[in-house]
Amino acid sequence: MNQPKRYLITSALPYANGLKHIGHLAGAYLPADIYVRYLKAQKRDVVYVCGSDEHGTAIPIQATKEGTTAQAIIDKYHPIMEQNFKDLGIDFDIYHRTSDPLHHATAQEFFTKLNNNGDLEIKESDQYFDEQANSFLADRYIKGTCPNCGYESAYGDQCERCGKSLSPDELINPVSTLSGNTPIKKMTKHWYLPLDRHENFLREWILKEHANDWRSTVLGQCKSWIDGGLQARAVTRDLDWGVKVPLKEAEGKVLYVWFDAPIGYISATKQWSVNTGRDWKPYWEDKDTKLVHFIGKDNIVFHCLIFPVMLKLHGNILPDNVPSNEFMNLEGDKMSTSRNWKIEMQDYIDDFINKENGGTQMADVLRYYLTLIAPETKDSEFTWQGFQDANNSELVSIFGNYVNRSLVLMHKLCKGKVPPLHATALTDLDKATMEEVSKSKEKVEALLEQYKFRDALFEVINLSRIGNQYMQKKEPWIVAKQTGENGQPTIEAQESIDNTLHICLQLCANLAILINPFLPFTARKMCYLMKVVDKMLDWENAGKMKLLSVGYSLRPPELLFRKIEDTEIAYQLEKLRSAVVKRDTEAIKETIMEETKIETPNVKPEIVFDDFAKIDLKVGKIVSAEKVEKADKLLKLSVDLGFETRTIVSGIALHFKPEEIVGKQVTVVVNLAPRKMRGIESNGMILMAEDSEGKLHFINPETDINAGAGVS
RNA sequence: GGCGAGGUAGCUCAGUUGGUUAGAGCACAGGAUUCAUAACCCUGAGGUCACGAGUUCAAAUCUCGUUCUCGCUACCA
């Protein structure tokens, strides 16, 4: 795209169920903010929108758990998240929320238009229903045993212990969290977005048109989804928390959170329009608008496939790019909210920015390090040691020190005023250094346009490195010793000093402009020190060497950054580790409590003896065992039952090696209907017991007895 | 098992369409310097480019196989 008329930039809407960590910050917010600040410095027409995502089932569930209301939860987190972003210099034009009536109306209009145009399908299907609570159960309202790890309190959409995503049908022994009863299946009607109808469009648009300008990680994910066969996705849910489906026959249904959340970008833009009196429509409808979504890799499918289809059907523009980041690990392990392995934005703000020796410069330090290690092409690694090193040996020693020594020298050798540039005394080095400044500007600009924030930041720091080298070669403090009879530097000496510091100071001013998108607080402090207005930071000034007027007196120098001490790093590491320990002990307590609590609902409904008698149990002996190909968890067993030897497929491969179980005695359900698994017919089932850690144990007789012995 | 992304110096990462001796920053070692936050500046050491084979005059780069990490997905009675 050539220079677009206007830009609409979005960052993924954070989910309002808790505080967000620095991985989120590095993935979706900081790069977007840098890009936006750059565009705004260019005086381009740009709106940057974001807001809290406040729907979905997790929030009402959390409310029940904490004995409060869903509204109370979102009212608690929304303002904190908004303030966190502000404290870290993420400068949205609007930070909206999806619980706002304006958003509800927008999402409903969106749904209605698609539905009226025949772009949605209606399907009836069996869903879990709680008879006592008289309500359908969203995935999160069903708990049961995880088929993957055996955890007994897995949710219908995901197991919190092994992290596997599930569907309610996969759960073993599903239980409604509303009443504790076993739910029944009941017919219900839902609206679907038939993605399969748009496969050709997506293939063409993503894999051809954007084959060269989207990141390879993004393209790969999209291709994988498209090739895997797109399916219709339910747009509605049986739930009472969310945007009501605007149809009479859809009583008790809301829009599925994935459908309403991205529409939040549009409603946020509308709210911005209300606040500013500017028209929002061109930003979503005019072809000359460049729409860019900043997200983390978990969000690729929604922003590259689903939302674009929605936008196209609704008549909106499509995103020009979706620069998704990979994940940021922390000290050798994945960041995780549930395991408490994370650094929350709030924690960083409390420990660094709000401290006595902190302040906004510490916000910039985090912005610096996170940009330096941004997971642009692959997962990256946050370490506190790396954080300290980046600050102490780059920000402090290279950048901060350069600015400081320039100002200090100017005060010592040039009487606190910007010295003149003597054209006749210019050396080749002077000229070359001045050229470097405009070269830097070009590089930074080109890299930012390509969303290469890490490289762009490196170029800025490199310019301060060039400044240090230049100053070192010119040695004005040595030249100052060439004094005349009056004890003052000779005319030639003073001219050399003037030129050196003139160039050094102009370079400082350029540094302020170039660093501004990345470290906005620092850029402003530099303006203060140089006694110029913030308007100097306009991008058009970059590359120029006449930003500071000759003879202008500047303020006494102040340090831009402070060193971070080893003790601070040690404290953070300790905090991180103890948080995990704390979380573990709490988790154990919780399990113990749940185990005692769950006992009753976990017992299945009563049966009569005849029911039990229908089950034919016999003792068998495993005579051979082998792994089933193309399946991680299946073992194909031959079991001697005395009267015959049968093939039984069992999902225990993760717990036992084939060779160690040969010869074991097992209890087998003999008269279970055969079932094919991975193409192999299984004739029976091995009984297993599972301990609290999810480990499996065979149920077998105390002593070795004959195969085929009955069990009752 | 399938798909996607990765594996490059002690650490964090670049390496465009195959083309001299594989790069940067940090950390490390030596030197120089003192205007500066014991900062800066110069020099240096460091890599079998995960492993194995193939294509080619030439492979970090292309092909095939193996292996490890991360993500998605399948099997799970």
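Modeller: Contact here means heavy atoms within 4.5 Å. The model is predicted.

Biologist: Which residues is H21 in contact with, leaving aside its neighbours within four places in sequence?

Modeller: They are M335, T337, K342, I343, E344 and M345. H21 itself is found in the loop between β1 and α1 (22-41).

Biologist: What makes H21 buried or exposed?

Modeller: Buried means under 20% relative accessible area. H21 has 9%. H21 is therefore called buried.

Biologist: Why is the pair formed by the H21 side chain and the backbone nitrogen of G23 called a polar contact?

Modeller: The limit for a pair of N or O atoms is 3.5 Å. The G23 backbone nitrogen lies 3.0 Å from a polar atom of the H21 side chain. The distance is therefore within the limit.

Biologist: How do you know that β1 and β2 pair?

Modeller: Pairing needs at least two bridges. Strand β1 (residues 6-11) and strand β2 (residues 46-52) are joined by 4. They therefore count as paired, and they run parallel. Y7 has V46 as its bridge partner in β2.

Biologist: In what order do the strands of the open sheet stand?

Modeller: The order of the 4 strands is β3-β2-β1-β13, with parallel pairing.

Biologist: What makes β3 and β13 stand at the edges?

Modeller: β3 (94-97) and β13 (289-294) each have a single partner strand, so one side of each lacks a neighbour in the sheet. On average, neighbouring strands are turned by 25° against each other, direction ignored.

Biologist: Which strands does helix α7 lie across?

Modeller: Helix α7 (residues 257-276) lies across β1, β2, β3 and β13. It runs at about 120° to β3.

Key: Residues are numbered from 1 along each chain as its sequence is written. Chains are lettered from A and ligands numbered from 1 in the order in which they are written. This is a predicted model: local features need pLDDT of at least 70, side-chain atom pairs count only at pLDDT 80 or more; totals for chains, interfaces and linings use all residues. Side-chain values use heavy atoms; hydrogens and water are left out. Helices (H or I, at least four residues) and strands (E, at least two) are DSSP runs, numbered from the N terminus. Axes are lines fitted to C-alpha atoms, for helices over the stretch in contact, and angles run from 0 to 180 degrees between N-to-C directions. Buried means under 20% relative accessible area, exposed over 50%, partly exposed in between (1.4 Å probe, protein chains only). A polar contact is a pair of N or O atoms within 3.5 Å; within protein, one must be able to donate a hydrogen and the other to accept it, and residues adjacent in sequence count only if both atoms are side-chain atoms.
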